[in-house]
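Trainee: Could you take me through the reading of contacts, both between chains and between domains?

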Amino acid sequence: MATITKSTGKEPLFHIVRRTDMPIWKSWLIRILSVLASLIVCAVIIVLVTGDNPIQIYATMFKGSFGSPRRFWALLQGIAMLLCVSLALTPAFKMRFWNIGGEGQVLMGGLGATACMILFGNKLPAPVVLLLVIVVSILCGAIWGLIPAVFKAFWNTNETLFTLMMNYIAIQIVSYFTYIWSSNKGNNVINTINNDTHAGWLELPSSVDKYGYMLNVLIVAALTIMMYFYLKYSKQGYEISVVGESENTAKYAGINVKKVIIRTMIISGALCGVAGMLLVSGTDHTINPDTAGGRGFTAIMVSWLAKFNPLFMVVTSLLIVFMQKGAIEISTQFGLNSSFSDIITGIIIFFIIGSEFFINYKIQKRAKEVEA
Amino acid sequence: MDKQTPAVSLRHITKAFGSKVVANKDVSMDIMRGEILALLGENGSGKTTLMNMLSGIYRQDSGVIYVDGNEVHITSPKDAFDLGIGMIHQHFKLVDVFTATENVALGMDKKTTGGAKEIAKAIADICDRYGFDIDPKQKVYNMTVSQKQTLEIVKTLYRGANILILDEPTAVLTPQETDKLFAVLRNMKADGKSIIIITHKLNEVLAISDRVAILRKGEFIGDVKTSEASVQSLTDMMVGAKVELDIERPLIEDRPLLLSVSHLTCLDKYGVKALDDVSFDAYGGEILGIAGISGSGQKQLLEAIAGLQKAEAGSSITYNDIEKGETEELIGKSVSEIKKMGVALSFVPEDRLGMGLVGTMGMSDNMMLRSYQKGSIIFTDRKTPRDLATKVKEELEVVTPNINTPVRKLSGGNVQKVLVGREIASDPKVLMAAYAVRGLDINTSYTIYRLLNEQKKKGSAVIYVGEDLDVLIALCDRIAVLCGGKLNGIVDGRTVTKEEVGLLMTHIDDSKKEDEA
Amino acid sequence: MVAAFIHRAIMQGIPLLFGATGEIVTEKSGNLNLGIPGVMYVGGISGVIGAFLYENSLADKSQANGFLAIMIPMLCCLLGSLIMGLIYSFLTTTLRANQNVTGLAITTFGVGLGNFFGGSLIKIVGADVPSITLSVTSKFFSASLPFASNLGWFGEIFLSYGFLAYLAIIIAIVTSLYLKKTRSGLNLRAVGENPATADAAGINVTRYKYVSTCVGSMIAGLGGLYYVMDYANGIWSNNAFGDRGWLAIALVIFTVWKPNFAIIGSIIFGGLYIVHNYLNQFFPFIPVDMSTQELIKMAPYVITVLVLIVNSMRRKRESQPPEALGLSYFREDR
């Protein structure tokens, strides 16, 4: 028999295998290390841009968030708003429904609140207006979430693209009403609504809540705990997890998958509506097409980075809001553009999503494998 | 070329998955040029694994492959192609939205293939030469399964394959399509190609092959010339001598009728009849075995009973509720409706982590998969499943760090214990288990047999779909044998021989129908 | 007047056409790059930086060399968007990160980068208005054929654009032919439809994903360049590019992943973007104010959603997104 050895293929030096055995502490260690690495990279960039010493810079950032009670409350408000949207998106993501339409759902909620405040502000008693504000904003958000869900459930319409488009439809609708309701015809700005009566304002007496953010923070704190329990301990939360894991298993367990998709997206949209209400009725008392402020997108990353755990989301949204506020502080101090914060946010997220690879896969050397 | 040199020689091929499962052990065999070799063996006998090593999907742990007498290292499908080896897998590797021509062209250099016209012409040439019939412009999603298979073969031939491996090619074909395929294979043989056909259908082996090589439990048993083989001799070689298993089989006197299946017909996802007019009864206090080569309709049968599979008109499955004294129709009911009707039905599906359990959840959360809706409050009851998980963990000796460790991190045997433990815990009247010991070690397998027997003693009707005939014969009171979606007979597990069951599995004899024990 | 409208519609459509063509090339490999809006910003600002550096290196701005004035910003733009494409590819293809999260992060990062450098340049110049003007280089970009204005409506509709507009159309046609007619295009489509099959056929899935995503990003980046250098006459002001990146993604769906349809589609979208300015002239009897304008700007998105819905209901296989869109490929997950 001939003994010519014909090697037709190149064996790669290493190959990548999926791993399932990493202990939880180790995976969190990797995530924390990646955050630290990203902070170092950010520091390097900041130094390059500003030429100042990095410790000084981080001190400045700290001051930006904790420098005064007002700033501290503003930080909490920032966290609360981002967290609220993240909480809203989480049930959908757990179900593997890519709801990237948070921005639109928040805006529609805000628009609902605005409409009630403007249309009924002088006609109905203030408590009734507030009640209407709450109901209508939740309803508006829910409808905006429901539409793509119905098409996904019955016709398997791509939800990522659908919800994405719904954002811009919502933005244009809000632009339209901003014009219709603008305080001075044509300037496209709605001044503070019901400034005299405070009808439809969601607020605590200023003696309790000096900066006007406390109620928002409290509501979102309550929502966080509720969402945590909903996902972890409720029957519906259980169904969401099963559907997200495997539709086959869900059917085996007797779960109506269509119903769960639609119900979950109503909840997701409704909570976005709450966020819109907190922004309009609880904070700004007005609306513009930028009221959601990109939170619908940032929240996707917050929720994903926290592995869809509402309690971890407090930490991830703290990280993002802190870095954003800090970067804004730096840019004011050094006269940079405020978009600097977006660059910082982007870098942090790149590092954290990149680190997931090292949690889910390991790199094996070929030679080693053959020996073993 | 030297007629004596085999086209392919395998020498001492061994392949293991993990530390426990040895798929192929020291297999040595030859494939000659211009012959059709049937590779015969039961499910799990390592046929597909062996051929996957030849086609570059897997790499052997030890052993050598020679092609035309030269030692070769096959590390990827591309290597195999370069050596003239092509495999047609059971799951076709085709792009649905492409035409036949486009699929053939995929990944090939345009300098060697020419444009669409040249390829279409080459396809036409191949078709003429071997008697295929495909439209080069047809899109794959518009093709029937048989056409897709033809396209796969043409694609392989186009790439210059001289050695073709077909993995259970007839499993998805109608008898007419099978005949057509065989005619083509004979033409290819006449052209000097080597063909390996993996199958466990004996009549087809006899009809098409020149030689039969038999694998059993990963080992090469031997080969015979087809002209010297018979259905009986092949069955004997395939199933081997009877292995005495020490499995308990108590006889329960009181056997009430619990489940009646009558005229059950179901379609698979291709719209082909997966079950064809199947009727049988299942009684409490007995284990009814379901035997059959894989894909004979076992999956559809169990899923139809569980409310997961749509049945055709005329089908009926009735559940006899002895306590209520009522008979209830299960066809047309959803899983949750069946549950609400109070039918005590448990189901251990074949796909443990993809259907029976949620891999990312712990034992505790998995315990409530089928019962989480109990109670009227919106929160799930956490204590009962936790207690049950602890109980299952202790009683079945599940090895897990704790009851909240995601079950996908457990070993196969422990996963199965979790699944069976849960299904048994609900005190079922009817318990269905599909391939309940597949991939498990001996000890765990015996644990599962013991659990099934316990249910039987409690008066449940146990339906056990199995593939190891020794186990079926030792465990079951009666065995229903499916063959190509038809019920080919129900035999008494205490008296039947392995060969008889093997024959019923592979061979429908129309002359003596309904030979029921 | 109709000619003027079509002219403006095409001007509006060209950035979308670049973006959509780039995104189609990317999506055909199974990568849903939601970072395209960011990539287009980066493309724009990179070009601006290149032009800025070039203009400032000139002692006498009237001595600007047309070739350099075009090549420097263009190469900067291609380089900037290439880097963005590489970041996306590295994260999603090599590290197998989630495509949606990565894409959105790219958008945040890219828009931030654009506005940051834009803001910085504006500060360096110390302009009174919040914008930076690069009219010297811009005039090379927006130069149209000299005799176009002599040919009446024909010249206005067909000949009155800078070279990038024609480049956009050429790229769209070439891409269309590439996807339809070439073997490499066939392989690319296979990667996006069924990477496992492509892999089995000996196609290097990773390489195709990288190359198509990077090339796609560079094409999209040119959209940003065109916008600032030609459409906006070399004036960069932060956020002026607006939501055009998302419109480009909408256009991909609207044209069911076909670059040649995108040529017409981009003009339709561009027309819808500006039609409110013309409604009064076309239909004097319809009262049009600012509010109507906002509703009309909604139209591209609404139409896109309708196209998405109709296609999913019809289940016509050719009108679906690439089957493996948004999924990472890992060979051993069979």
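Mentor: Let us begin with the term itself: two residues are in contact if their C-beta atoms, placed from the backbone, lie within 7 Å. Please keep in mind that this is a predicted model.

Trainee: How many residues does the contact take from chain C and from chain A?

Mentor: Chain C contributes 45 residues to the contact, and chain A contributes 42 residues. On the side of chain C that touches chain A, the elements giving two or more residues are α3 (66–94), α4 (99–125), α11 (244–254) and α14 (290–314) of chain C, and the largest share of that side, 15 residues, belongs to α4(C).

Trainee: How do the residues of the side of chain C that touches chain A divide?

Mentor: That side holds 27 nonpolar, 12 polar and six charged residues.

Trainee: Into which domains is chain B divided?

Mentor: Chain B is divided into domain 1, which covers 8–92 + 161–239, and domain 2, which covers 265–344 + 430–441 + 462–517. Taken over C-alpha atoms, the centres of domain 1 and domain 2 of chain B are separated by 30 Å, and 16 residues of domain 1 are in contact with 13 residues of domain 2.

Trainee: Which elements give two or more residues to the side of domain 1 of chain B that touches domain 2 of chain B?

Mentor: They are α8 (202–208) and α9 (231–239) of chain B, and it is α9(B) that gives the most to that side, with six residues. The residues on that side of domain 1 of chain B divide into six nonpolar, six polar and four charged.

Terms used: Residues are numbered from 1 along each chain as its sequence is written. Chains are lettered from A and ligands numbered from 1 in the order in which they are written. This is a predicted model: local features need pLDDT of at least 70, side-chain atom pairs count only at pLDDT 80 or more; totals for chains, interfaces and linings use all residues. Helices (H or I, at least four residues) and strands (E, at least two) are DSSP runs, numbered from the N terminus. Ala, Val, Leu, Ile, Met, Phe, Trp, Tyr, Cys and Pro count as nonpolar, Asp, Glu, Lys and Arg as charged, and the others, Gly among them, as polar. Domain bounds come from an automatic or database domain assignment.
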